[in-house]
Amino acid sequence: MGRLGSWVARAGVGFVRACVVAAVCLLLPAVWAAAVALGVWWGAGNPWSWTAPFVLVCVGTLALPRPVCRAVRFLVARWTGTVIPAGYRQAGPVTRMSTGFWWNGFSYERTRRDALMDQRWRVRWRDPANWRDLRFAGIAPFTAGLLACLPPAGAVVAALAVLGFGGPEPAARLAGAFGAVVAVASAPYAWRPVVPVAVRFLRPSPAMALAERVAELTAQRADVTVAQAAEIRRIERDLHDGAQARLVALGLSLATAGKLMEREPDQARALMRDAQAGATASLAELRDLIRGISPPVLSERGLVDAVRALALDVPLEVAVSADAPLSLDPPIESAVYFGVAELLTNAVRHAGASGVRVSLTRDGTGVAAVVVAEVEDDGRGGAGVRAGGGLAGLRRRLAAFDGTLEVTSPSGGPTRVRMTVPCESL
């Protein structure tokens, strides 16, 4: 009895899934059939009557393949857990250059709106995945879609026989019985061919993966160029407004003190004292500037101890946990350190948190090794990656190293940010 109930449940679930697969896979042929029927209904002998059906076929052929493919991927992932990468070309960030123009990865535009619009159309229509989706939309109806039609077709035949539309009674009974058997027997299996068909024809090709990688590297290059220019401007500004001004004043004070040394020694000594204070302040500013570029504690003691030293300066209760000392390449070490520093600053300024937990771990070995940095606070939550925001900038900086940034911040907290950066030197 248990086996019979299990079979009935499998048949019911399979029947529903087969109907869904058939509806999705046959959507584009249904549009074509509707266009042909429309042309015949208006008058097959009149050439002008085929204008609207032709437009309908063109619009359906161009607009439906991608939604159909996305629906198939969703169904396969939900029913079997098989995730098929979409491989669609993603739009890169739109960046404002020093010239005032906006770079969208393809061309320079005068406004951000024009850059986004141009980028959207170029990415959409130049994506090689369009041909792959169109190929799948043409293959699926005659493979997975045809097999998925067996259960609903059998059910329709059985229903027509029951309603008396199957011809003579003996033939109707035979047809109804046959239709019911086909519907029940094929229901658990008729939807399953969509999985291998989708895996075979919907996965990204090597050329598509390469094109996506090239586009990603192009966007990263633009981001790195802008970030480097901004950093150089910051250093120049800090030197010009701080240490340089103090050093100029120091030189003037020393020159004046030299002239006053014999005539007014007391005033000269006062100027020397001021010069000494200015030199001390200039040295402190230069040290702060160097610490902002490359903290000495990071190069001397490594990432873990540098983060622990950073936590001591945060006006919150910060707990730092880590694996054994992590051996990282200096650029990656610096990127992770400043990422943690920015997240701690956000926790202090925006989260309203009372405590923060920082963990530094490693995962994998060899070429698959990654360093994982997690920062979790008990603040109000609601953080997210917004265009032009600090987290978006941090994600772009990590992307230069093929790193990722994941933010989980429900309303009310807690906020957890996870950074992963590949590093073969682990």
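Predicted model: local features only at pLDDT ≥ 70, side-chain atom pairs only at ≥ 80, totals over all residues.
Which residue is the bridge partner of W102 in β3?

Figure 1. The bridge partner of W102 in β3 is E109. Strand β2 (residues 102–103) pairs with β3 in the antiparallel sense, over two bridges. Together with β1 they make an open sheet, with the order β1-β2-β3 and antiparallel pairing. The edges belong to β1 (95–96) and β3 (108–109), as each of them pairs on one side only. In case sheets are new to you: strands of a sheet pair through backbone hydrogen bonds, either parallel or antiparallel.

**Figure 2. Two tryptophans, edge-to-face.** A pair of aromatic rings is described by the distance of the centres and the angle of the planes. The model's count comes to four aromatic pairs. Take W79 and W191: their ring centres are 5.4 Å apart and their planes meet at 75°, over the 60 degrees needed, so this pair is edge-to-face. W79 lies in helix α4 (residues 65–80), while W191 is in the loop between α9 (169–190) and α10 (194–202), so the pair ties together parts that are 112 residues apart in sequence. W191 has a relative accessible area of 4%, so it counts as buried.

Figure 3. W121 and W125 form a stacked aromatic pair, with 6.3 Å from centre to centre and 10° between the planes. Both sit in helix α5 (residues 112–126), four residues apart, which is about one turn of the helix. Here's the handy bit of background: an α-helix has 3.6 residues a turn, so residues three or four places apart point the same way.

Figure 4. R66 is found in helix α4. Its relative accessibility is 10%, so R66 counts as buried. The R66 side chain makes a polar contact of 2.9 Å with the side chain of N130. Setting aside neighbours within four places in sequence, R66 is in contact with Y88, R124, D127, A129, N130 and D133.

**Figure 5. Helix α4 from end to end.** The 16 residues of α4 should span 22 Å at 1.5 Å a residue, and its end C-alpha atoms are 22 Å apart, so the two agree. The buried residues of α4 include V68, V72, L75 and W79. Just after the helix comes G81, which takes a positive phi of about 80°.

**Figure 6. Strand β8 and its two partners.** Strand β6 (residues 370–377) and strand β8 (residues 415–422) pair in the antiparallel sense over eight bridges. To find your place, look for V370, which stands opposite P422 in β8. Strand β7 (residues 404–408) also runs antiparallel to β8, and five bridges join them. Here T404 stands opposite T420 in β8. β7 and β8 form a hairpin with six residues between them, and G412 in the turn has a positive phi of about 100°.

**Figure 7. A charge over a ring.** The charged end of R200 sits over the ring of F201, 4.9 Å from its centre.

Notes
Residues numbered from 1 in each chain as written. Heavy atoms only, no water. Phe/Tyr/Trp six-rings, centres within 6.5 Å; stacked < 30°, edge-to-face > 60°. Buried < 20%, exposed > 50% of the residue type's maximum accessible area, 1.4 Å probe, protein only. Lys NZ or Arg CZ within 6 Å of the ring centre and 35° of its normal. Polar contact = N/O pair within 3.5 Å; in protein donor to acceptor, adjacent residues only side chain to side chain. Contact = heavy atoms within 4.5 Å. Expected span 1.5 Å × (residues − 1). Pairing = 2+ DSSP bridges.
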